[in-house]
Amino acid sequence: MKRGLLPFAILGAMLLLLAAGLRLEPRALPTALAGKPLPAFTAPLLADPRRDFDVTSLRGEVFLLNVWASWCTGCRLEHDALLALSAQGTPLYGLYYKDDPAGAATYLRTSGDPFRASLV
């Protein structure tokens, strides 16, 4: 008799977990870096890898640092929105991630480059 109740107990536990999950804010992404300053770093420029860009030169400025890749579907979907933000004067900097430099440069050249600087 007790064996027949096990599936109902599992179903009940799953429903409780589902109800708890539905109460969470879906747009809130937990991150350890929220509210903290951007760590100081230097990175080569995509346009000229012999030159480094020092992010500390942006201290005190408000800007958007977008991590992207030419192979990333989500990055391609948001690209038009980034172009629009750039056209409105929002300072954008791109940090391309796990991408071939030639492929990244080609993508920006053909799709439009919204970034003030693209970092490797």
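**A first look**

Author: Leu5 sits in helix 1, residues 2–22. Helices here are DSSP runs of H or I with at least four residues, while strands are runs of E with at least two, numbered from the N terminus. The model is predicted, so local features need pLDDT of at least 70 and side-chain atom pairs count only at pLDDT 80 or more, while totals for chains, interfaces and linings use all residues. Residues are numbered from 1 along each chain as its sequence is written, and side-chain values use heavy atoms, without hydrogens and water.

Reader: Is Leu5 buried or exposed?
Author: Exposed, with a relative accessible area of 53%. Exposed means over 50%, buried under 20%, partly exposed in between (1.4 Å probe, protein chains only).

Reader: Which residues form the nonpolar patch with Leu5?
Author: Phe8, Leu11, Leu15, Leu18 and Leu22. Together the patch has about 670 Å² of accessible area, by the Shrake-Rupley method with a 1.4 Å probe, where only the protein chains shown count as cover for residues. Patch residues have over 30% relative accessible area and no salt bridge; nonpolar side chains (Val, Leu, Ile, Met, Phe, Trp, Tyr) are joined within 5 Å, like charges within 9 Å.

Reader: New topic. How many salt bridges are there?
Author: The structure holds 1. That term means a side-chain nitrogen of Lys or Arg within 4 Å of a carboxyl oxygen of Asp or Glu.

Reader: Which side chains meet in the salt bridge?
Author: Asp48 and Arg50, at 3.1 Å, N to O. Asp48 is buried at 18%; Arg50 is exposed at 76%.
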